[in-house]
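Please read these notes with the structure open beside you. They go point by point, starting with a single residue.

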Amino acid sequence: MSQDKNHLSMPVESPEPEPIKAIPLRRPGRWIAAAIILIALALFLWGAKTNEAYHWNTYFKYLGDKRIAQGALVTLELTVLAMLIGVVLGVLLAVMRLSPNPVLRSVAWAYLWIFRGTPVYVQLVFWGLFPSLYKTVTVGVPFGPSLAHFDVQHWSAPFFFAMIGLGLNEAAYMAEIVRAGINSVGEGQREASVALGMSWSQTMTRTVLPQAMRVIIPPTGNELISMLKTTSLVTAIPLTTDLYGRARDIYSVNFQPIPLLLVAATWYLAVTSVLMIGQYYLERYYSRGSSRQLTAKQLRALAQAQVAGGTG
């Protein structure tokens, strides 16, 4: 009798439920839209291939031309140097805008007002006319002795003026990017730095700016790519050794602008793609620890730890 009672008191295990067979929703509209887009793309490519106005033989002839490659190198150099000027000066302007000194804030605001309020093409034309505006440049003490004297009329450096013009224009936009990154850092970080005895400049350079890089890097990468394309405007200087200038010089001789413009566009796309890859890895480096989502490697390590803990 006691055995029967024990048997009745034991819990009865319920059978495991059958796994649910999830059937995805059918979305025919997506497939129809994808088919229409692919058909339209195929028709466009076929039409471009069979259209003699594109002069594909000329395109492949100049795609690897030495002059085009040299122009791409000049464009890349101009992009890097102008961005370097823009980043350094932009950080300085952003710090000036956030400074407690009203004079520094006013100067930074006036700089941004001028360079963001006028077209970059107009600014480049101005820098091209710089030798006509100033005959000489003297550096020294106001109303005192001169330390250096430069004869601008003998300057023949369109690359230098293009670099300065693009860099100064970019600094105005980089200043706003850096300022947004600085404002993204919590006020408690600054208060902690002040409590440790740091000055305002030390707080900015040692505490705020390193943490703001996570916010600054993505738009800076976009500005770098935009700068690469903006270099085509240096024809206003005029500078003709860049990528677009080389392509323009060639099609002004053979009177085939379409294939040469396609060649320039291909080189721009190639360089931009490389820069986008670098931007991706740079963003991933500075975004470490900002997301709670685990990587595949971390998930595998967590699963192995759980299995080891269960078996132990």
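Is M163 buried or exposed?

1. M163 is buried, because its relative accessible area is 14% (buried means under 20%, exposed over 50% and partly exposed in between, with a 1.4 Å probe and protein chains only). This is a predicted model, in which local features need pLDDT of at least 70 and side-chain atom pairs count only at pLDDT 80 or more, while totals for chains, interfaces and linings use all residues. Residues are numbered from 1 along each chain as its sequence is written, and side-chain values use heavy atoms, with hydrogens and water left out.

2. M163 is part of helix α8 (a helix is a DSSP run of H or I, at least four residues, numbered from the N terminus). Setting aside neighbours within four places in sequence, M163 is in contact with L78, L81, A82 and I85 (contact means heavy atoms within 4.5 Å). From M163 to G86 there are 77 residues in sequence and 10.0 Å in space, C-alpha to C-alpha.

3. The largest nonpolar core has 38 residues (such a core is a set of buried Ala, Val, Leu, Ile, Met, Phe, Trp, Tyr and Cys residues joined through side-chain atoms within 4.5 Å). Those touching the most other members include L78, L93 and Y111. Helices α4, α5, α6, α8 and α10 each supply at least two residues of this core, and α8 gives the most, with twelve. A second, separate core of 16 residues includes Y59, A72, A247 and L275.

4. L93, with neighbours within four places in sequence left aside, is in contact with A108, Y111, L112, A171 and A175.

5. Helices α11 (residues 243-254) and α12 (residues 257-286) pack at about 165 degrees, with axes 9 Å apart (axes are lines fitted to C-alpha atoms, for helices over the stretch in contact, and angles run from 0 to 180 degrees between N-to-C directions). That makes α11 roughly antiparallel to α12 (the word is used for angles over 145 degrees). Among the residues making the contact are L243, A247 and Y251 of α11 and L260, A264 and W267 of α12.

6. T207 lies in helix α10. T207 counts as buried because its relative accessibility is 12%. With neighbours within four places in sequence set aside, T207 is in contact with Q189, S193, M198 and Q202.

Notes. Angles under 35 degrees count as roughly parallel, over 145 as roughly antiparallel, 65 to 115 as roughly perpendicular and the rest as oblique.
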